[in-house]
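Today I'm going through the charged side-chain pairs. I want to know who pairs with whom, and where along the chain the partners sit.

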Amino acid sequence: MKKRLAIILSAACLLTGCVGNKTIKTGNKPLANAVYNNDSVSLAPYTGLKAEKKIYDVSDEAVEQQIQENLREFAEYKSANRASRNGDFVYTDYTASIDGSISEQEDSYYFTLGEAEYGTEFDEKLTGVSAGDQLNFSIAFGEDAPNSEWEGKTVDFEIDVTDVQIEILPDADDAFIKENTKYENYEAFASAARQTVADSYAADSDNELKENLIDQVISASSILQYTKEEYNTAKDDMENMYMGYVDMFGTDLESLYETLDMTEQEIEEEIQSLLYRTLVIDAIIESENLSLSEKDYEDGIAYYMKENDYDSKEEFMEAYGEEEVRGQLTEDMVLNFLKEHADITEVKAVHEDS
């Protein structure tokens with residue numbers, strides 16, 4: 001999650017959350033231009049905010065990439081029977097060591113040449129190799145190392161190349177498209193790919209706009225106080241955001257934070273950012289007397305089921321729970337309110353994926 005604001009609190013509060021105090025006062029003063037005040041927030045003006053909405057150009061290159069991605073469902077993979085080159089999949093058994101101690105060790109792990117998973121120099125070492133080759137080389141990593149343990153260190157690699165594979169996409173002519181997809185011909189298939197890109201870009205633009213607006217309100221508002229329970233809720237929510245990575249990598253939160261090079265101060269800032277966001281959103285809801293109707297709730301469930309590829313409402317609700325779903329939909333309601341009452345200028349832009 002991107003940090004939205006810098007928090008200045010006493011050292012005791014940073015490390016302990018002011019244990020023993022039911023209410024934590026920030027020392028901030030109410031705003032002179034506040035449009036709404038409660039015990040927690042002095043709310044800055046939140047209507048008429050100026051912001052730019054990016055209109056992303058859908059390039060032919062982006063559409064072609066989407067077409068290739070869609071065709072990967074039908075891809076075949078086979079040994080190249082030649083030396084590796086850009087775009088190939090190099091299968092390896094490898095060991096990475098630092099000062100003689102093993103840092104990583106994997107069997108049957110493949111690297112896609114060109115993706116620079118371990119950097120461009122590493123990809124260069126795996127370019128021009130064939131099955132059966134054995135490699136021994138060292139790379140001195142800087143701040144752009146693939147993990148924090150390797151930063152500023154020289155890593156020694158021992159690699160056995162077990163295979164070099166290529167991806168073979170089908171010849172997507174009209175006959176293939178009609179037989180294997182829901183489209184009648186290639187033109188319709190490509191048109192759908194273009195629409196997928198356009199929809200994705202539009203969603204990105206909308207999210208970026210709404211984040212810009214809520215960030216403006218948070219930055220301009222004054223947080224007066226919050227409870228220890230509110231702080232702990234924000235802390236739990238932040239930790240839950242990272243639990244997927246904990247499960248994925250088979251580690252614990254503390255080790256994950258170390259891998260991500262997150263200091264105690266940065267962890268605290270993330271908690272405070274999430275907390276302040278919640279307090280400001282709640283204040284806007286109070287100020288405008290907003291509420292989530294049952295229709296909005298059901299429509300929201302249908303939207304997020306589609307976004308997350310759920311066919312069963314029961315399975316979706318079991319995965320996320322009513323409290324989390326209502327919380328997300330309530331936040332969506334506030335962000336949409338900000339957008340509807342903002343002064344928005346549309347600007348042409350190039351998407352980072354183009």
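Here are my notes on the salt bridges, pair by pair.

Before anything else, a reminder to myself that this is a predicted model. I looked up the total and got 14 salt bridges in the structure.

Entry one, lysine 50. I find its side chain in a salt bridge with that of aspartate 343, at 2.8 Å from N to O. Lysine 50 belongs to strand E4 (residues 50-56) and aspartate 343 to strand E12 (residues 343-349), so this pair ties together parts that are 293 residues apart in sequence. I checked exposure too: lysine 50 is exposed at 60% relative accessible area, while aspartate 343 comes out partly exposed at 36%.

Which residue does aspartate 299 meet in a salt bridge? I get lysine 295, with 2.7 Å from N to O. Aspartate 299 is partly exposed at 39% relative accessibility, and lysine 295 is exposed at 57%.

Glutamate 298 forms a salt bridge with lysine 313, and I note 3.0 Å between the closest N and O atoms. Here the pair links distant parts of the chain, as glutamate 298 is in helix H9 and lysine 313 is in helix H10 (residues 313-320), 15 residues apart. Both ends are partly exposed: I have 38% relative accessible area for lysine 313 and 34% for glutamate 298.

Last entry, a network. I see Glu69, Arg72 and Glu167 linked together by salt bridges.

Key. Residues are numbered from 1 along each chain as its sequence is written. This is a predicted model: local features need pLDDT of at least 70, side-chain atom pairs count only at pLDDT 80 or more; totals for chains, interfaces and linings use all residues. Side-chain values use heavy atoms; hydrogens and water are left out. A salt bridge is a side-chain nitrogen of Lys or Arg within 4 Å of a carboxyl oxygen of Asp or Glu. Helices (H or I, at least four residues) and strands (E, at least two) are DSSP runs, numbered from the N terminus. Buried means under 20% relative accessible area, exposed over 50%, partly exposed in between (1.4 Å probe, protein chains only).
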